[in-house]
Amino acid sequence: MKLTGLELRRIAMPLVAPFRTSFGTQTTRDILLLRAVTGDAEGWGECVTLPDPVYSSEYVDAAADVLRRFLVPALAAHERLEAHLVGPALAHFKGHRMAKAALEMAVLDAELRASGRTLARELGAVRDRVPCGVSVGIMGSTGELLDAVGGYLDEGYVRIKLKIEPGWDVEPVRAVRERFGDDVLLQVDANTAYTLADARHLARLDPFGLLLIEQPLPEEDVLAHAELAKTVRTPICLDESITSAKSAADAIKLGACHVVNIKPGRVGGYLEARRIADVCAAHDVPVWCGGMLESGLGRAANVALAALPGFTLPGDTSASGRYYRTDITPPFVLEDGHLPVPTAPGIGVDPIPEVLDEVTTSTEWLSW
Ligand SMILES: [Mg+2]
């Protein structure tokens, strides 16, 4: 397979409601899509960067720039292009894992479509549907939060995740427990908003029987999470800190995490995501698939990943309607709290051309 051209396409998708986390509020999702054209087939990639470098150091404009100037030209030079060679071919460029992941996804999709194979099968999926959780943003009031959580439970979501930050943590968790009971699978995500000095405060979450507390401390404070685990009984899950299979192995060895949130974009692609799942399985560490407000393209691939055997906790693989009134692919719809794993070759879904055109803000064709 040889890469003959690649389209960078920016789309802007309005969210059904503003989504607030400890690092900011999103109202529209600005997404960079990649369409890789090879002699055999075309493939889609979705870059999960946010417009600003607030979740990680990457952001959309930087991803487009590094793809255009470095990553795509490096791959274009390869006569024999295969998805498992994308990572090694780009390894000498430091960082930019989300941009690399998007490029690998596009090449992998093209390769699988050309040979009629599904991503789920390629990754080693063992389920044909996956249980779905939902991530609930920080709200203006407890009443608003309870209405939102109640709505999601009515829709059938099997696990609730509350975004937290200092000043919005113990009380919202208490309110959700009091209203909806102890049987609801409940977890929290701080997106790095605390410090080790907050350990005793975070331990106040212990009585609520949470599945986990996700990334309470800054990304590079891996050892501090191990320290935190001495005070906090709720299992600690890492998200931002885990950037590779090696960093996952290190964090587990340090006692810094008991659960891992796997996001392919954060770790450089679906193939590295699978390696992380393997490392975690070898250490009996449960994993689940996170989300970055993906369109139907990234959502399809995430659902395939979430069907792997080590993914024993429900992920943030929510239905399209959680975020978007109109998705660019046929929508993913919750059925009994689950989403079906796509069964068509590659990632298994295609954009609907008219919808895609409607939300497109720019396109750029790279060829050589
Ligand atoms: Mg997170």
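## Basis

Local features need pLDDT of at least 70 and side-chain atom pairs count only at pLDDT 80 or more, while totals for chains, interfaces and linings use all residues of this predicted model. Residues are numbered from 1 along each chain as its sequence is written, and side-chain values use heavy atoms, with hydrogens and water left out.

## The magnesium site

Asp 189 (OD), Glu 214 (OE) and Asp 239 (OD) coordinate the magnesium ion at 2.1 to 2.4 Å. Donors are N, O and S atoms within 2.8 Å of the metal (3.2 Å for Na, K and Ca); water is not among the atoms, so sites may look incomplete. The spacing of the donor residues in sequence is D-x24-E-x24-D. Glu 214 lies in strand β8 (residues 213–214) and Asp 239 in the loop between β9 (236–238) and α9 (245–254), 25 residues apart. Helices (H or I, at least four residues) and strands (E, at least two) are DSSP runs, numbered from the N terminus.

Glu 214 has a relative accessible area of 0% and is buried; Asp 239 is also at 0% and counts as buried. Buried means under 20% relative accessible area, exposed over 50%, and partly exposed in between (1.4 Å probe, protein chains only).

In helix α2 (residues 83–90), the residues Ala 83, Val 86, Ala 89 and Leu 90 are buried. Seen down the axis of α2, its buried residues fall within an arc of 95°, so they line one face of the helix. The arc is taken from the directions from the helix axis to the C-beta atoms. Elements covering these residues include α1 (60–76), α3 (97–115) and α11 (270–282), where contact means heavy atoms within 4.5 Å.

Helix α11 has buried residues of its own, among them Tyr 270, Leu 271 and Ile 276. After α11 comes Asp 284, with a positive phi near 55°.

## Salt bridges

The structure holds 28 salt bridges, each a side-chain nitrogen of Lys or Arg within 4 Å of a carboxyl oxygen of Asp or Glu. One of them joins Lys 263 and Asp 239 (2.8 Å, N to O). Lys 263 is in the loop between β10 (259–262) and α10 (264–267), 24 residues from Asp 239, and both residues are buried.

Arg 275 is partly exposed at 42%, whereas Glu 272 is buried at 16%. A network of salt bridges links Arg 159, Lys 161, Lys 163, Asp 189, Glu 214 and Asp 316.
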